[in-house]
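Here are my notes on this one, as numbered points. Have the model open beside you while you read.

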Amino acid sequence: MRHLDLSYPGAERLPLVDHLHGHAIPDPYRWLEDATSAQTQQWQADQDQLWLNHATTLPDRYKLRSRVRALSGVGSVTAPVWRGDRCFVVRRSAEQEHPVLYVDDAVLLDPQQLDPTGRTTLDSWQPSPDGALLAFQLSRGGDEQSVLHVLDLATGQLVEDPIDGCRYSPVAWLPDGKSFYYVRFRQVLHHHVGRSDDTTVFATEASYGLDLSADGRWLTISAARGPANDLWLMDLTRDTPPTVVQQGVDAITVMSVSREGRLFIVTTRDAPTGRICVGDPEEPLVWHDFVPADPSAPLSSLAILDKVVLVGRTRNAVGEIAIHDLVTGRPLGEVPLPGVGSVGSLATRPEGGHQVWFSYTDSVTPSAVYVYDTHSAGTTLWSPPPGAVGVPEADSHQVDYTSADGTELRMLVVGKPGDHGPRPTILYGYGGFGQSLTPTYSAFALAWVEAGGVFVTANLRGGGERGNDWHKAGMLDQKQNVFDDYLAAAETLIAEGWTTPDQLAVCGESNGGLLVGAAITQRPELFAAAVCSAPLLDMVRYEQFGLGQAWVPEFGSAADPAQLENLLSYSPYHRVRPGVKYPATLFTVFAADTRVDPLHARKMCAALQHATDGSRLVLLRLEQDAGHASGSASKGIGLAADMLAFLAHHTGLHQ
């Protein structure tokens, strides 16, 4: 297949057909699943060269890279973690490749110092109760295969051998700072620092969460189960089995024991947007309502102070924090916020107090950390972003629109002030796993807006913007709702004059990459260009690779006849048809991605290159030594600029 003067690499089409539950399912590019084969490696090398050849022709590539780098110069800062008088904060300045962990403003862990190649990332960390020791996890090359270390802050030395198999492991320290509970190879263990005789607490493999009460008596264990979770409570002072609090219940429930010994429960049980209950840990199955659900504002976080409880919510994708009485739960007012945007998790001192810290950001405001003081009832800036940049002027518009089945939705449209008429537009979305898209400062989006484009974030079913029911309305056999919502957003942008099909691009990552793949195979005529990053695209075989098995509750399994029927109805790889004018499409993938295997993009790229009518390019960009999660700042800037340059070129945006 040729595009103008470019020849696509040869890709053998196998006559391979799977027969599943009465369906004949062709899979001509299955050989591209094997990244180690000589045939795949040659194909990939040819694709790399094809991308590089095209990249050199993109007129605004280096200009956009310069602007993304400049706008990224704000860096980042997190809310503090307090241990006594010690304050732990993660910051990244414009000059730093990775976020750095500081304690009392002194560098504690800098991934770049640990590994000058820039391939090592700090995945997570947790200080002991007295702040004397630090459990932290590192991974290399973006593979997220975390190795756990324990550091003595006084000496700066590691106190024991590293522990592997700790991917996504929570760490719950005991009050004496000599042992902790953690997760290794998806099992819950109890570890004594300096010893290798870990005790297995839960042997059944799962994605576990852990929470330990401040007095070290009560251990809460949760196990994710699709859009729900199982939950147990252990009394560590007694040699008794854990109490089953929730199992096989279609709800998300989080539980912890407060400093004064009260059981706090946040649950979507009988409340899709979440309610707060209280009880006695001695009788963990008996709860009563403390703060009832707000049907229009899902719960996002909870903080318990000396005299009040603060409740974070998201209303119409905008953050808010309510104040409630600690004893009765009675509403007392609202925490003043810096603007209309996104509020991060609420952080308090372990011993309580009268202050809470949180991050705030919106479309034109870099993330900063604020502190609310119950004594003064005021919110003040605690830590600005490390860097300062000139943020381009932009106007934000909340645009309501209607999906195919009549569901009312909303999208955030950001553009230059005063601009009118159709403009090159990026439509961004996700729509899955209950994840909400809220207003956020983005160098990627602002560089596009500054150049004269429009950036749109669509809130879709499958996300968490309206609670657990909203998530369920976009999963399993309801997944097509997500794609219908996204396509309705595109149609609305065109109908209302924001853009045209020749100027409209779609962009998404991971589950959002699936969204893009579905959009361009279901309605290719709506779009001029697409960026499909780290995508899921072969929905018949996805569960056999990466973390796919863990996502069966979200998407379904090909082993189930009814679920296979649904998966085939939208699986982008299986919907590619010859002779169609597909949008110019760039797949971006990461060689060390252990969540979504790059094979999805390889197979889809080959299928589109074979099928497209040849008028628009289909390319694949591979990043070595990078994975699904964020890597070094320079790699992220380079990728963002390349994506923008590709979309600008193929939607007609010229600076």
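1. Start with helix 2 (residues 61–71), whose buried residues are Arg61, Leu64, Val68 and Leu71. Buried here means under 20% relative accessible area, with exposed over 50% and partly exposed in between (1.4 Å probe, protein chains only). Because these four cover an arc of only 100° around the axis, they end up on the same side of helix 2; the arc is that of the directions from the helix axis to the C-beta atoms. They pack against helix 1, helix 4 (443–450) and helix 12 (633–651), where contact means heavy atoms within 4.5 Å. Helices (H or I, at least four residues) and strands (E, at least two) are DSSP runs, numbered from the N terminus.

2. Some ground rules. This is a predicted model, with local features needing pLDDT of at least 70 and side-chain atom pairs counting only at pLDDT 80 or more, while totals for chains, interfaces and linings use all residues. Residues are numbered from 1 along each chain as its sequence is written, and side-chain values use heavy atoms, leaving out hydrogens and water.

3. Now the core. The largest nonpolar core has 107 residues, and Met411, Leu427, Phe527, Phe555 and Phe587 touch the most other members. A nonpolar core is a set of buried Ala, Val, Leu, Ile, Met, Phe, Trp, Tyr and Cys residues joined through side-chain atoms within 4.5 Å. Helix 12 gives the most to this core, nine residues. Leaving aside residues up to four places away in sequence, Phe587 touches a list that includes Cys532, Leu537, Met604, Leu608 and Leu620.

4. How many aromatic pairs does a search of the whole structure find? The count is 16, using rings of Phe, Tyr and Trp (its six-membered ring) with centres within 6.5 Å; planes under 30 degrees apart are stacked, over 60 edge-to-face, and the rest tilted. Trp82 and Trp357 are tilted, because their ring centres are 5.4 Å apart and their planes at 45°. That pair links distant parts of the chain, with Trp82 in strand 6 (residues 81–83) and Trp357 in strand 32 (residues 352–362), 275 residues apart. Both are buried, Trp82 at 11% relative accessible area and Trp357 at 2%.

5. Phe264 and Phe290 make an edge-to-face pair, 5.6 Å centre to centre with 85° between the planes. Phe264 sits in strand 23 (residues 263–267) and Phe290 in strand 25 (residues 283–291), so the pair ties together parts 26 residues apart in sequence. Phe264 is buried at 2%, and Phe290 is buried at 6%. Elsewhere, Phe433, Tyr542, Trp551 and Phe555 form one aromatic cluster.

6. Which side chains does Asp235 join in polar contacts? Arg217 at 2.9 Å and Thr237 at 2.6 Å. A polar contact is a pair of N or O atoms within 3.5 Å; within protein, one must be able to donate a hydrogen and the other to accept it, and residues adjacent in sequence count only if both atoms are side-chain atoms.
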